[in-house]
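Keep the structure in view as you read.

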Amino acid sequence: MATIAHSALAFTGACASASDGFRSSSNGVSGVPLRALGKARFSMKRNLAVAAKLRKVKKHDYPWPADPDPNVKGGVLTHLSHFKPLKEKPKPVTLPFEKPLADIEKKIIDVRKMANETGLDFSDQIILLENKYQQALKDLYLNLTPIQRVNIARHPNRPTFLDHVFNITDKFVELHGDRAGYDDPAIVTGIGTIDGNRYMFMGHQKGRNTKENIQRNFGMPTPHGYRKALRMMYYADHHGFPIVTFIDTPGAYADLKSEELGQGEAIAHNLRTMFGLKVPIVSIVIGEGGSGGALAIGCANKLLMLENAVFYVASPEACAAILWKSAKASPKAAEKLKITASELCKLQIADGVIPEPLGGAHADSLWTSQQIKDAINKEMDELKKMDTEALLKHRMMKFRKIGGFQEGIPIDPKRKRNMKLKEEPKAVKTAVVDLEGQVEKVKQQILDAKKSSDKPPLLPLTETIEKLKREVDNEFSEAVKALGLKDRFATLREEFSKLNSQDQLMHPSLKEKLEKLRDEFSQGLSSAPNYEDLKYKLDMLKELSKAYKFEEKNNKAETLKQEVNKKFNEIMDRPDIKEKAAALRAEIENAGVSNLDNLDDNLKGRILELKKELDSEFVDVLKSLGLDVEVRSKEPIEQTLPSEVKAKIEELDEEINHKIENVVNSSDLKDKIELLKLEVAKAGKTPDLAAKNRIVALEQQIKQSLTAAVESSNLKEKHEKLKAEVSKTIESSGESDGSSKKENPNEVYVF
């Protein structure tokens, strides 16, 4: 029987004790501890022996110490945090623009060293250099440029989220995981208390050295980090904890894996959720806030920024590379982007600036944290007074009021030089053959409607006319361009637009320019290459417009006729009218006369009285429909006048027309009439009050001028004499006609 030698199966620590209860159940062996199988040799019925040995591994680095201090700041649970004080003090980092300060500081160190070595008193020189250093520090940090603030926000020694949290909270417990199998170290979340008030804290966490930065992914979260923050938001909303977020990230991590895991969806989900949370939210930008990676935890009621923090949609280097094709233009890009705290407060994006000490937040992190704590208490006291509805509306309005637009302001040519010119939409020219087919089709529809005694369809006719108008406009534009008059027309159009915007009347010189350009265009139009097409389309447009007006007039007349008949029938169907007409008809039949002239005067009078009553009501009906009604005899007055009186009337008419024509052609009145035409055209169909007043004023001036011209001559006297003569003639002719005409004037209605 074969045997195989095996090495020992060894376990260490807790693993060894756990293996004691583990029993093998394979190959017919049961109830034997694995430890006993370590060095044992045993025989197998199948000539096989098995041995195993566990490899020694490094013990898990658990954060809980062997002897936890229960009196540690933040409570005993603080020991659970991986964030520990650094064993070594961070090395000082001098930014490029801080070199003058470093030179002064170096001189101070050298003088002190010399004083220590020589034993001489250099206190005056040291005080002088220290004063110089403080003044230079003050001058520099009170006049920082945007790109310098960007460099301060990225300073390697700048306090991180957890630095501030442990400085401002009484107790803080970090919460981990997105409940989907991952815990992103770039976003840290936890519950903490400030002055006895419990808050949910979350923020981007950068590293304090290279090792931590690699572990924290330089503060750039993956989708797991945003989903962890989302889980804590729901948790805080459920339990009523106000939320405080700290923003310090160059942006969301943009690697392939993050995109595959739904980086954009995770950010969008956070944005949507934050607008619906029913607890107060305060966001603080403590470093740099880059694009959507910062906004994913930044949709708050209040957005505060440290004095040297920045908040941007694209970094200055990226913006410079896009716009100026070089990252060296980042100082200019930082200035144009308006990314500093003071600029964003002016734009109402940020709601407040938290001061920093001279030298930046890293110069005195405890003082900076205290300022953050005071700001959180102040803003939370204000937000906690709001009810849920007011809180949600406040958050919504904060973002709704951001931004704006301006219209009608010309753009600086320097700003337009890099913009792509807008392409003018090209007008699609319709072939003449296609237009002919459409016009013939519309004509046939009108003829078919007339044969069937239906109303002609006006909609196809209107559409065809509108299309022809566009075609004619395009043809005119091509003709203007071909004749080289496009620039002059554009100049005149600009002058007209200025007049319209200022509500001014046309100047005579501008009117002269317009007439001159119109005459020049009319003379040269026949030489345009598209003149034949233009003329043909214009003729079709005139023909269809004439047909449209005729059909529209017929339709209106038919509608009016039906309305008049309806009103007349309503009058005749009235009970009182029917009763009177029936009574008169019965009396006429009882009289037994064959001719109405043989009726007695009493019955004739009653018939005339009913006729006058009906005539009066008919006139009222016609006037209610907007018709002008004139009552006159069948025989016109002109036919009853003698020939010599008619000749005098015609002569006076010609003289009056000639006088009016001379007055109208005078320069003063002619200009007023032209101005009146322009005002009417500019006012359109719905003029405003100011336009109406100007039109009425011009009409009165023209009427007064005409009246004054007529009264200055002897035309008024001639008119009065002729009027008296006509009246006398009519009276004499009326007396000779007899009484029968007076009784039956035989009136007609003209409207």
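At what angle do helix H22 and helix H23 pack, and how far apart are their axes? This is a predicted model, and in it the angle is about 155°. The axes lie 11 Å apart. H22 spans residues 575-591, and H23 spans residues 601-624. Angles over 145 degrees count as roughly antiparallel, so H22 is roughly antiparallel to H23. Their crossing is left-handed.

Now look at the side chains between them. H22 brings Ile 577, Lys 580, Ala 581, Leu 584, Glu 587 and Ile 588 to the contact. H23 answers with Leu 603, Arg 606, Ile 607, Leu 610, Glu 613 and Leu 614. Sorted by class, the contact of H22 with H23 holds 8 nonpolar and 4 charged residues, with no polar ones.

H23 has another partner. Helix H21 covers residues 531-572. The axes of H21 and H23 come within 10 Å and cross at roughly 145°. This crossing is right-handed. On the H21 side, the contact uses Val 564, Lys 567, Phe 568, Ile 571 and Met 572. On the H23 side, it uses Leu 614, Glu 617, Phe 618, Val 621 and Leu 622. Leu 614 of H23 is also part of the contact with H22. The H21 contact with H23 counts 8 nonpolar, no polar and 2 charged residues.

Helix H2 (residues 99-118) packs with helix H3 (residues 123-141) at an angle of about 165°. Their axes are 10 Å apart. That angle makes H2 roughly antiparallel to H3. H2 passes H3 in a left-handed crossing.

From H2, the contact draws on Leu 101, Ile 104, Glu 105, Lys 107, Ile 108, Val 111 and Arg 112. H3 supplies Ile 126, Leu 129, Glu 130, Lys 132, Tyr 133, Ala 136, Leu 137, Leu 140 and Tyr 141. Of the residues in this contact of H2 with H3, 11 are nonpolar, 5 are charged and none is polar.

Rolling a probe the size of a water molecule over the atoms shows where empty space is left. The largest pocket has a volume of about 1,300 Å³. Its lining has 40 residues. Lys 89, Pro 90, Asn 157, His 362 and Ser 365 lie nearest the centre of the largest pocket.

Which helices each supply at least two residues of that lining? They are H2, H3, helix H5 (161-168) and helix H14 (365-383). H2 gives the most, with 5 residues. The lining of the largest pocket divides into 20 nonpolar, 9 polar and 11 charged residues.

By class, the lining of the second largest pocket has 12 nonpolar, 9 polar and 14 charged residues.

Methods
Residues are numbered from 1 along each chain as its sequence is written. This is a predicted model: local features need pLDDT of at least 70, side-chain atom pairs count only at pLDDT 80 or more; totals for chains, interfaces and linings use all residues. Side-chain values use heavy atoms; hydrogens and water are left out. Axes are lines fitted to C-alpha atoms, for helices over the stretch in contact, and angles run from 0 to 180 degrees between N-to-C directions. Helices (H or I, at least four residues) and strands (E, at least two) are DSSP runs, numbered from the N terminus. Angles under 35 degrees count as roughly parallel, over 145 as roughly antiparallel, 65 to 115 as roughly perpendicular and the rest as oblique. A crossing is left-handed if the near helix is turned anticlockwise from the far one by less than a right angle, and right-handed if clockwise. Contact means heavy atoms within 4.5 Å. Ala, Val, Leu, Ile, Met, Phe, Trp, Tyr, Cys and Pro count as nonpolar, Asp, Glu, Lys and Arg as charged, and the others, Gly among them, as polar. On a 1 Å grid over the protein atoms alone, a cavity is a set of points where a 1.4 Å probe fits but cannot get out, and a pocket is an open set with protein on both sides within 12 Å along at least five of seven lines; lining residues have an atom within 4 Å of a point. Grid points are joined across faces, edges and corners, and a volume is the space filled by probe spheres set on the points.
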